[in-house]
Amino acid sequence: MSTRRGPKMREPSHDQVLQFVRRQDCPFVTTAEVADEFSTVTRRTINKRLNDLHEDGELMKREIGARSVVWYLGDQSA
């Protein structure tokens, strides 16, 4: 039995996640909503993408409870 892992998952890309957020009618999304859209990858991968976009200034985030976060576009005028 091989312990070698498959190729590193590259999808969804940061742009795909950002496009998903932009398409929403609601001004914010939850991690769960994004994970549902990209169900072929783990929630951990989605959380990494969202945090990367936050660190790059593409998304803002707000904690709304002890364990809940919402994500939204930084420039709502666009």
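Trainee: Which residue is the bridge partner of Thr30 in S3?
Mentor: In this predicted model, Thr30 has Val70 as its bridge partner in S3.

Trainee: How many bridges do S1 and S3 pair over, and in what sense?
Mentor: They pair over 2 bridges, in the antiparallel sense.

Trainee: What is the strand order in the sheet?
Mentor: The order is S1-S3-S2. The sheet is open, has 3 strands and shows antiparallel pairing.

Trainee: Which strands stand at the edges?
Mentor: Strand S1 (29–30) and strand S2 (59–63) do. Each has a single partner strand, so one side of each is left without a neighbour in the sheet.

Trainee: Which strands does H1 touch?
Mentor: H1 packs on the sheet and touches S1, S2 and S3. The direction of H1 makes about 85° with that of S3.

Trainee: And H3, what does that touch?
Mentor: H3 also packs on the sheet, in contact with S2 and S3. Its direction is at about 110° to that of S2.

Trainee: Switching to the core. Which residues of the largest nonpolar core touch the most other members?
Mentor: Val17, Val29, Val34, Phe38, Ile46, Leu50 and Leu59 do, out of 15 residues in that core.

Trainee: Which elements supply at least two residues each?
Mentor: Helix H1 (14–23), helix H2 (31–37), helix H3 (43–55) and strand S3 (69–73). H1 gives the most, with 4 residues.

Trainee: Back to Val29. What does Val29 touch, not counting residues up to four places away in sequence?
Mentor: On that count, Val29 touches Phe20, Val21, Gln24, Val34, Val69, Val70 and Trp71.

How values were computed: Residues numbered from 1 in each chain as written. Predicted model: local features only at pLDDT ≥ 70, side-chain atom pairs only at ≥ 80, totals over all residues. Heavy atoms only, no water. Core = buried A, V, L, I, M, F, W, Y, C linked by side-chain atoms within 4.5 Å. Buried < 20%, exposed > 50% of the residue type's maximum accessible area, 1.4 Å probe, protein only. Contact = heavy atoms within 4.5 Å. Pairing = 2+ DSSP bridges. Axes fitted to C-alpha atoms, helices over the stretch in contact; angles between N-to-C directions.
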